Amino acid sequence: MTPHRAVTPDRAVTPDRAVTLDLAAAVTARNFSVELNVAAGETVAVLGPNGAGKSTLLNLVAGLLRPDTGHVQLAGRTLAGRTLADPAAHVWVPPHERGVSLLAQQPLLFPHLSVLDNVAFGPRSAGKSSRDARAIARIWLEEVDALELAERRPASLSGGQAQRIGVARALASDPQLLLLDEPFAALDVAVAPALRRMLRRVLESRTVVVVTHDVLDAFTLADRVVVMHDGAIVEQGPTREVLLHPRTRFTAELAALNLLMGTRVDGGMSMGGGTGFEGRVIAAAVAHSAAGAAFPIGAAAAMAVRPSAVSVSVAEHASAERASAEHASADPTSTEQASADRSAGLNVLRGIVHDLEPRGDVVRVRGVVGGSGVVSGLGALGGAEGAGQALAADVLPSVVVDLDLSPGAAVFFSFEPGAATMYPSA
Amino acid sequence: MGSARRSRLGLGNPRGVARVAVAAALVAAGVSVALSGCAGGSRVSGSITVFAAASLTSTFTELATEFEAANPDTSVVLNFAGSSDLVTQITEGAPADVFASADTRNMAKLGDAGLLSGDAVNFASNTLTIAVPPGNPAGIKDFADLAAPGLKTVVCAPQLPCGAATVAIETATGVTLKPVSEESSVTDVLGKVSSGEADAGLVYVTDVEAAGESVTGISFDEAGAAVNTYPIAAVDGAGNGAGNGSGNGELAAAFIDFVTGPVGQRVLADAGFGAP
Amino acid sequence: MLGLPRWVGIVASVGALFIVLPLVAMITRVNWPEFGALVTSESSVAALGLSLRTSVVSTALCVVLGVPLALLLARTQFAGQKVLRALVLLPLVLPPVVGGIALLYTFGRRGLLGSTLEVLGIQIAFSTTAVVIAQTFVALPFLVLSLEGALRTVGTRYEAVAATLGAKPTTVLLRVTLPLVLPALISGAMLSFARALGEFGATLTFAGSLQGVTRTLPLEIYLQRETDPDAAVALSLVLVLVAVVVVGLSRGVSERRGSERGGSERSLSERRLSERDQPARGMPL
């Protein structure tokens, strides 16, 4: 039912780094089954929508949840599950002995302690004297630019200040692994950027797993991203590779990109399943996989295009007006109008509007292109088989009014080849 | 309240009254012959409320039943509590026609308050006895044994009639008790003894009689040094301005006569009370 | 303010009068010229002193026994937990005399534990210890109830954070959990103290009544009624005043807790606010 499960997560970590976190665990009640490795000094962002299992993953690592099967190992030590040395024994290391710090969405500063004593809590628990612990706490407060808040009570802090203290407190306990659970989700949009910059600085060379549903966090902080959906990892790899060249619908959604799948043809990609003109789209940029594998004609291909680069029209001449003098080779069997557009170098896809969603100063028009559900008047995509593919366009509200767009309307989605990137989909 | 009771009893169904009257005559023939104070001729009717000391619970319940049988058309409502509680209740306006106290002191309090309509009459006496758990595990024989070191004796607090009597006996005998507890009621003393918490307790003869198997009584000669006298008197409802009581002075007098008469004295003697 | 139906105020006034009027009535009966002498008599001072001493010890016992009990009820799950909770709260609804009888059969000379203790040379009946036991028995549920509720309200999130910062379970308990529920602990302890102070039935049944040893203030009042109603009323007033002070202090603590909650309330609304912004960033296409 869920085809993305067929994608086997490769457990490769960032090259040239030793694995420190080795997790392969399942929690039946939550339909959770994940294998994840994190290298020492690496920051991994775990992306996914609510309910994808991100928090379950963190709780398993932090020791707040026991896996039904599998194991959790950190720096060669088994924290949960069976060990190689004694497979019969079931190991369980309680949270306080794991060397794993957790910073949640809410900073959860202890309300009865001052800011300084909050940060000193970790060192104090590790057996440091009150004086030493406070000295360490001051260093970390300095590190997060919050030394002046030392004597304040948590109740008197703003959300951004509290989260800074939360970061300092988590780091002051000197964890082998730091877990961040949506660290910016509870913050005003205005204060998040400063905190993000601060985190980027202090997390440098630390081993971190950061859970987020914001790609900006991932771009800013992570060496690698892991995309989760329905309790499983659906995609993972270097941050830019995954987020700029998504290979699953889920990743594309997170990265706010349109993802079209098809087969590589000369100069572009066919969405129709064959290599003919039907459903052919053209991409100017061709990206190869990170490993530099070959990307021959006929190979499975994916294409990413931003919704803001897609425009909508109801008559093809509207698109034709935008046609430039440059054009790619056209297929003579197409209708004249389509041929004109294609020869103008514009990708035109027939589709049906699904819904309209106002987003600030633009309206996102979501539709389906290709597939048997799409009625073809001109036959440009009439021969396309299989399910339609989702495509979204961000257009001005005036366009929605002028074209009288509403769900069910037959439209053309078009975009410049230059706005699309094509890459191997597997 | 009083008026409600009167109307209930005064329901004037002539036939019913006639039938009851016949029955009453028959009963009177057997029982009331001995009624000294209340000559068989003067018939009484109506309802009265009697406030009686807690130690009179069983005897007065029996006496009320017999009184009602002997005097058809009458009803006796009983209220039992500690004597001092009853005095408080009456002074606060509780409806009472007759007050039977476990000591003269509480009766005097009511008299001082001007709430008695006549003189109090002593109708019974009570003496202390030693109550021990069944089998007498501590082997107590007489009053002096109660002062033995290590023995757990419980007594009534001096504020209570039974406690005052205890103090009187101590004074008379020169034996000073070291009680482990001075309880607030006879019931509490008996409870401590019957449960075996205490080795012995000092209570009235009648209390031991009423307690049945749960405690054993050991009488002692010095008990005569403190004889507790029970007085009874009619309450004057007008005295406290509350108009309490039924106002049925005739019936109240009849009940008092009944208690001090032969039937009353027999019932009291059976329960262990002494003569007044 | 939102208007309430007028009749609510009227019925509420009747309810308030129902509580206040008897107290006022009692105060009108106080023999003021003698008041000082009545409450400073040897027996009164002995009773008040005993009551305060035993109530303090009982309250301490309630804290020592009640905190682990509340933790067990609030933080763990085990078979029979509901039954245990119901049983622990039983003294709240049990007539004190019944509690006294139960204690008698437990710690009494011939009781379940009493006979063993007697062999060891420990005698509880008729001792001040018996008073403390009776008071603890009836006061413990107040502390457990108040603390368990607070523990559930606070939740385990702070404890989880403390654990991931490396704090051992005992450290978490002492430095995080208990400080977080301290206001509830204090108000619970005060209610327990007030309940212990007012304990009468179980003490009367189980401990006896002897000046300076087992005769607490309520027992003294009960006894004084026999001969000296003025003294009983004067001592009742003293007990009422002590209770008012204790309940007032307890209320003060819980109100302070309420205002501290205000701080986290604010951050909660901040979170709501930003969660509203959230979909704009992670919204699916």
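# Exercises on helix packing, domains and chain contacts

**Exercise 1.** Determine the angle at which helix α4 (residues 159–172) of chain A packs against helix α5 (residues 192–202) of chain A, and how far apart their axes are.

*Solution.* The model is a predicted one, in which local features need a pLDDT of at least 70 and side-chain atom pairs count only at pLDDT 80 or more, while totals for chains, interfaces and linings use all residues. Residues are numbered from 1 along each chain as its sequence is written, and chains are lettered from A and ligands numbered from 1 in the order in which they are written.

Step 1: Axes are lines fitted to C-alpha atoms, for helices over the stretch in contact, and angles run from 0 to 180 degrees between N-to-C directions.

Step 2: the angle between α4(A) and α5(A) is about 10 degrees, and their axes are 11 Å apart. The two helices are therefore roughly parallel to each other, on a scale where angles under 35 degrees count as roughly parallel, over 145 as roughly antiparallel, 65 to 115 as roughly perpendicular and the rest as oblique.

Step 3: α4(A) contributes A:G160, A:Q163, A:R164, A:V167 and A:L171 to the contact, and α5(A) contributes A:L195, A:M198, A:L199 and A:V202; two residues are in contact if their C-beta atoms, placed from the backbone, lie within 7 Å. By class, six of these residues are nonpolar, two polar and one charged, where Ala, Val, Leu, Ile, Met, Phe, Trp, Tyr, Cys and Pro count as nonpolar, Asp, Glu, Lys and Arg as charged, and the others, Gly among them, as polar.

**Exercise 2.** Describe the packing of helix α2 (residues 115–125) of chain A with helix α3 (residues 130–143) of chain A, and then that of α3(C) with helix α7 (residues 128–154) of chain C.

*Solution.* Step 1: in chain A, α2(A) and α3(A) pack at an angle of about 120 degrees, with their axes 8 Å apart, which makes α2(A) oblique to α3(A).

Step 1: the crossing of α2(A) and α3(A) is right-handed; a crossing is left-handed if the near helix is turned anticlockwise from the far one by less than a right angle, and right-handed if clockwise.

Step 2: the residues of α2(A) in this contact are A:L116, A:V119, A:A120, A:P123 and A:R124, and those of α3(A) include A:I136, A:W140 and A:L141. Across both helices the contact has nine nonpolar, one polar and three charged residues.

Step 3: in chain C, the axes of α3(C) and α7(C) come within 6 Å and cross at roughly 40 degrees, which makes α3(C) oblique to α7(C). This crossing is right-handed, and the contact of α3(C) with α7(C) comprises 19 nonpolar, seven polar and three charged residues.

**Exercise 3.** State which domains chain A is divided into, and which elements give two or more residues to the side of domain 1 of chain A that touches domain 2 of chain A.

Step 1: nine residues of domain 1 of chain A and eight residues of domain 2 of chain A take part in the contact. On the domain 1 side, two or more residues each come from β11 (232–238), α7 (239–244) and α8 (249–254) of chain A, and that side divides into four nonpolar, two polar and three charged residues.

Conventions
Helices (H or I, at least four residues) and strands (E, at least two) are DSSP runs, numbered from the N terminus. Domain bounds come from an automatic or database domain assignment.
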